[in-house]
Amino acid sequence: MEVVLADYLGFCYGVKRAIKIARENASSGGNSCTLGPIIHNPQMVERLKREGVGTVDSLEEMPGGTIIIRSHGVGPEVYAQAKQRGLEVVDATCPHVKKAQLSAKELVDDGYSVVIIGEKRHPEVRSIFEWSDHKAEIIETEEEAEAFPPCAKLGIVCQTTFSGAKFRQIAMQLLEKSRDVRILRTICTATDQRQTAAIDLAEQVDMMLVIGGKNSANTTRLAQLCAEHCLTYHIETAAELRDEWFDKIKKIGITAGASTPDWIIKEVYKKCQNRA
Ligand code: SF4
């Protein structure tokens, strides 16, 4: 049995950076917590907790100390509230997300009606919305794009992890809505790279293992894409592997979401290789 890793898998630049920042902060001592889980991976969140970085769901839970902003980012109100409460802020917002946030703000300041193409409930999209002074419209589907009213000036930004194909489709529809359209393609290449590499591999193997948090949107998307090409299992850790999955399988592909730590990928890879 052959086991092949996708060309691009696991931690992206923004997640690596956020975890490094959180760890550096933990080693400097004091009470520090991330606002919301630093990434959508329960195993990594647990590990960081042991190293001294906890998680809070709101600033009210912080009596003092340092609040770490995760890679998804937050709106400007959160920075102001943290300052009011006397908290130190360590900003681990991914620079790509920051660019989308500031682009939305600039477009609003320049008098554009702003559309964010993305998932309405995704925390990153919420943060971009807040940077637009709560003025942007979030559009997730072609039907919503169709229903968007014509306007004088239209500015478009995108959730960094949104599907490139779906973004193009929706942006094309929105082009009809105004004579003055500015499109800022704020999609991050990490997502495209992982998705393309996963599909390439899924086409060549009998079974794909997609590793990552069940609460991770980008991992779930990878699993959906792979499932269109071959038998696919979405797992969080090696402990979920089942003997019966490997019957009659000659070639296994492995990929992992942008929030999946290396050590978990290695464990799964090793366990699969031991069966080879
Ligand atoms: S997927 Fe891209 S935008 Fe999102 S955290 Fe990773 S590098 Fe940043």
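Guide: Before we start, helices here are DSSP runs of at least four residues (H or I) and strands are runs of at least two (E), numbered from the N terminus. The model itself is predicted.

Visitor: Where does Lys 248 lie, then?

Guide: Lys 248 belongs to the loop between β11 and β12. Its phi is near 65 degrees, a positive value in a residue other than glycine.

Visitor: Is Lys 248 buried or exposed?

Guide: Lys 248 counts as exposed, because its relative accessibility is 84% and the exposed class begins over 50%.

Visitor: And what about phi of His 134?

Guide: His 134 also has a positive phi, near 60 degrees, in a residue other than glycine. His 134 is found in the loop between α5 and β7, the latter covering residues 137–139. With a relative accessible area of 41%, His 134 is partly exposed.

Visitor: Let's move to salt bridges. How many are there?

Guide: The count comes to nine salt bridges. In general, side chains of opposite charge can pair when their charged atoms come close.

Visitor: Which side chain does Lys 98 meet?

Guide: The side chain of Lys 98 meets that of Asp 91 in a salt bridge, at 2.9 Å from N to O. Lys 98 is partly exposed at a relative accessible area of 23%, and Asp 91 is partly exposed at 27%.

Visitor: What about Lys 120 and Glu 144?

Guide: Their side chains form a salt bridge of 2.7 Å, N to O. This pair links distant parts of the chain, 24 residues apart: Lys 120 sits in the loop between β6 (113–117) and α5 (123–131), and Glu 144 in helix α6. Lys 120 counts as partly exposed at 31% relative accessibility, as does Glu 144 at 29%.

Visitor: And Glu 240 with Lys 214, what do they do?

Guide: The side chains of Glu 240 and Lys 214 meet in a salt bridge at 2.9 Å, N to O. Glu 240 is in the loop between β11 (231–235) and β12 (251–256), and Lys 214 is in the loop between β10 (207–211) and α9 (217–227), so the pair ties together parts 26 residues apart in sequence. Glu 240 is partly exposed at 23% relative accessibility, and Lys 214 is partly exposed at 44%.

Visitor: Back to helix α6. Where is Glu 143?

Guide: Glu 143 lies in helix α6, which spans residues 142–147. Glu 143 is exposed, with a relative accessible area of 59%.

Visitor: Which residues gather with it in a patch of negative charge?

Guide: Glu 143 gathers with Glu 142, Glu 146 and Glu 176 in a surface patch of negative charge.

Visitor: What does the side chain of Asn 25 contact?

Guide: The Asn 25 side chain makes a polar contact of 3.4 Å with the side chain of Ser 32. Asn 25 is placed in helix α1 (residues 13–27) and is buried, with a relative accessible area of 13%.

Visitor: Where does Ala 6 lie?

Guide: Ala 6 is in the loop between β1 (2–5) and α1, and it counts as buried at 6% relative accessibility. The C-alpha atoms of Ala 6 and Ala 256 are separated by 8.4 Å, although these residues are 250 residues apart along the chain.

Visitor: Last one: how many residues apart are Ile 39 and Glu 24, and what lies between them in space?

Guide: Ile 39 and Glu 24 are 15 residues apart in sequence, and 16 Å apart in space from C-alpha to C-alpha. Ile 39 lies in the loop between β2 (32–35) and α2 (42–51), where it counts as buried at 4% relative accessibility.

How values were computed. Residues are numbered from 1 along each chain as its sequence is written. This is a predicted model: local features need pLDDT of at least 70, side-chain atom pairs count only at pLDDT 80 or more; totals for chains, interfaces and linings use all residues. Side-chain values use heavy atoms; hydrogens and water are left out. Patches are made of residues with over 30% relative accessible area and no salt bridge: like charges are joined within 9 Å, nonpolar side chains (Val, Leu, Ile, Met, Phe, Trp, Tyr) within 5 Å. Accessible areas come from the Shrake-Rupley method with a 1.4 Å probe; for residues, only the protein chains shown count as cover. A salt bridge is a side-chain nitrogen of Lys or Arg within 4 Å of a carboxyl oxygen of Asp or Glu. Lys and Arg count as positive and Asp and Glu as negative; His and the chain ends are not counted. The place of a charge is taken as NZ of Lys, CZ of Arg, CG of Asp or CD of Glu. Buried means under 20% relative accessible area, exposed over 50%, partly exposed in between (1.4 Å probe, protein chains only). A polar contact is a pair of N or O atoms within 3.5 Å; within protein, one must be able to donate a hydrogen and the other to accept it, and residues adjacent in sequence count only if both atoms are side-chain atoms.
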